[in-house]
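Reader: Here is a model I would like to go through. Please take the charged pairs, then the pockets.

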Amino acid sequence: MQTMKDRMHTGELYLPADEEIITWQTQCLDRLYEFNQTRPTEGAKRAAMLKAMFAEIGEDCYIEPPFHSNFGGSHVHFGSHVYANFNLTCVDDTHIYVGDNTMFGPNVILATAGHPILPELREKGYQYNAPIHIGKNCWIGAGVVVVPGITIGDHVVVGAGSVVTKDLPSRVVAVGNPCRILRELNAHDEEYYFKDRKIDYTTL
């Protein structure tokens with residue numbers, strides 16, 4: 001028989017206040033609390049804790065506390081060399097996948113959980129979840145919100161404050177609320193890194 005916990009990952013409506021879910025979630029949040037109490041000098045301890053907390057996490061990943069997560073990273077899959085600045089929030093009621101070398105600015109929210117529009121269902125506490133996929137070598141700017149079920153391709157820049165409500169293909173710059181593609185990556189990006197600042201390849 002399918003349990004409420006099983007339904008967390010099928011996209012079906014379920015009750016997140018189910019006793020089995022709450023018991024497990026509380027254990028996850030205890031580990032998350034301990035991670036957020038670590039000192040800046042305890043880098044090795046933080047790395048070891050993340051390996052225990054996350055579904056998957058690659059080499060040389062760094063998350064700046066405080067880190068917020070509904071299930072303490074239990075449904076979060078990071079590649080290698082992922083960086084997250086202060087206040088990354090992973091509403092990981094189902095799976096979140098992030099590719100290698102992706103960076104998150106401060107106050108980014110990755111939300112897999114949704115609630116029915118019909119008020120009678122919300123009143124009963126029903127919820128549904130849809131996974132998020134973010135590719136490799138992306139830069140997700142400060143204050144970005146990614147809603148349930150979104151896929152972002154590789155080498156994507158999402159501008160600060162954007163709300164991503166539709167999938168984004170690879171190699172684009174996208175901004176706004178709702179987030180829209182501004183342009184594709186181009187030859188200008190190979191010459192300039194910021195406004196009129198040229199890339200000096202001889203020093204890199």
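Reader: How many salt bridges does the count come to?

Author: This is a predicted model, in which local features need pLDDT of at least 70, side-chain atom pairs count only at pLDDT 80 or more, and totals for chains, interfaces and linings use all residues. Residues are numbered from 1 along each chain as its sequence is written, and side-chain values use heavy atoms, with hydrogens and water left out. A salt bridge here is a side-chain nitrogen of Lys or Arg within 4 Å of a carboxyl oxygen of Asp or Glu. By this rule the number of salt bridges is 3.

Reader: Is E59, which meets K51 in a salt bridge, buried or exposed?

Author: The side chains of K51 and E59 are joined at 3.6 Å, N to O. Buried means under 20% relative accessible area, exposed over 50%, and partly exposed in between (1.4 Å probe, protein chains only). K51, at 45%, is partly exposed. E59 has a relative accessible area of 52%, so the class is exposed.

Reader: Which residue forms a salt bridge with R183?

Author: R183 is partly exposed, at 31% relative accessibility. The closest N and O atoms of the pair are 2.8 Å apart, and the partner of R183 is D189.

Reader: What is the N to O distance between E191 and K198?

Author: E191 is partly exposed, with a relative accessible area of 35%. The side chain of E191 meets that of K198 in a salt bridge, N to O, at 3.2 Å.

Reader: Which elements give two or more residues to the lining of the largest pocket?

Author: On a 1 Å grid over the protein atoms alone, a pocket is an open set of points where a 1.4 Å probe fits, with protein on both sides within 12 Å along at least five of seven lines; lining residues have an atom within 4 Å of a point. The largest pocket has 22 lining residues, and W139, V157, L185, D189 and Y193 lie nearest its centre. Helices (H or I, at least four residues) and strands (E, at least two) are DSSP runs, numbered from the N terminus. The elements giving two or more residues to this lining are α5 (187–191) and β20 (192–194).

Reader: Which element gives the most to the lining of the second largest pocket?

Author: This pocket is lined by 13 residues, with R46, A47, L50, C61 and Y62 nearest its centre. Both α3 (43–53) and β2 (62–63) supply at least two residues of the lining. With 5 residues, the element that gives the most is α3.
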